[in-house]
Amino acid sequence: MDKLLSAFTKKYIGQLFDEELLLLCDLLDYDDENLYKLNKGLQLTIEIKPNRVIELFKNYKYVSE
């Protein structure tokens with residue numbers, strides 16, 4: 001999960017507005033299981049309110065180097 005989050009953050013951090021950076025911080029606080037499920041489009045065990053950062057993460061496809 002660290003590699004996925006690191007790659008996602010590196011790709012998008014320069015494109016985010018101040019309020020979206022706060023949403024990114026919120027995203028990073030979620031547990032690994034739900035982050036994985038969110039990224040893979042699976043059923044979550046918690047409720048996550050949609051926003052632009054969540055949508056970017058849901059659609060982000062990690063490719064290992």
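**The core and its helices**

Mentor: Begin with the nonpolar core, a set of buried Ala, Val, Leu, Ile, Met, Phe, Trp, Tyr and Cys residues joined through side-chain atoms within 4.5 Å. Buried means under 20% relative accessible area, exposed over 50%, and partly exposed in between (1.4 Å probe, protein chains only). Here the largest nonpolar core has 15 residues, and those touching the most other members are Phe8, Leu24, Leu27, Leu38, Val53 and Phe57. Two or more residues each come from helix 1 (2-12), helix 2 (18-29), helix 3 (32-40) and helix 4 (52-59). Helices (H or I, at least four residues) and strands (E, at least two) are DSSP runs, numbered from the N terminus.

This is a predicted model, in which local features need pLDDT of at least 70 and side-chain atom pairs count only at pLDDT 80 or more, while totals for chains, interfaces and linings use all residues. Residues are numbered from 1 along each chain as its sequence is written, and side-chain values use heavy atoms, with hydrogens and water left out.

Trainee: What is the confidence of the prediction, as an average pLDDT over the chain?

Mentor: pLDDT is the predictor's confidence in each residue, from 0 to 100. Where pLDDT is low, the predicted coordinates should not be read in detail. In this chain the average is 96, and 98% of the residues score at least 70. Among the elements, helix 4 has the highest mean (98) and helix 1 the lowest (96).

Trainee: Which residues does Leu24 touch, leaving out those up to four places away in sequence?

Mentor: Contact means heavy atoms within 4.5 Å. By that rule, Leu24 touches Phe8, Thr9, Ile13, Leu16 and Val53.

Trainee: Which residues of helix 1 are buried?

Mentor: An α-helix has 3.6 residues a turn, so residues three or four places apart point the same way. In helix 1 the buried residues are Leu4, Leu5, Phe8, Thr9 and Tyr12. They fall within an arc of 125 degrees seen down the axis of helix 1, so they line one face of the helix. The arc is that of the directions from the helix axis to the C-beta atoms. Asp2, Lys3 and Lys10, on the other side of helix 1, are exposed. The cover over the buried residues of helix 1 includes helix 2, helix 3 and helix 4.

Trainee: Which residues of helix 4 are buried?

Mentor: Val53, Ile54, Leu56 and Phe57 are buried there. Their arc, seen down the axis of helix 4, is within 160 degrees, so they too line one face of the helix. These buried residues pack against helix 1, helix 2 and helix 3.

Trainee: How many salt bridges does the structure hold?

Mentor: A salt bridge is a side-chain nitrogen of Lys or Arg within 4 Å of a carboxyl oxygen of Asp or Glu. The structure holds 3. One of them joins the side chains of Arg52 and Glu20 (2.9 Å, N to O). Arg52 lies in helix 4 and Glu20 in helix 2, so this pair ties together parts that are 32 residues apart in sequence. Arg52 is partly exposed at 38% relative accessible area, and Glu20 is buried at 9%.

Trainee: What does Glu33 form with Lys37?

Mentor: They form a salt bridge, with the closest N and O atoms 2.9 Å apart. Glu33 and Lys37 are 4 residues apart in helix 3, about one helical turn.
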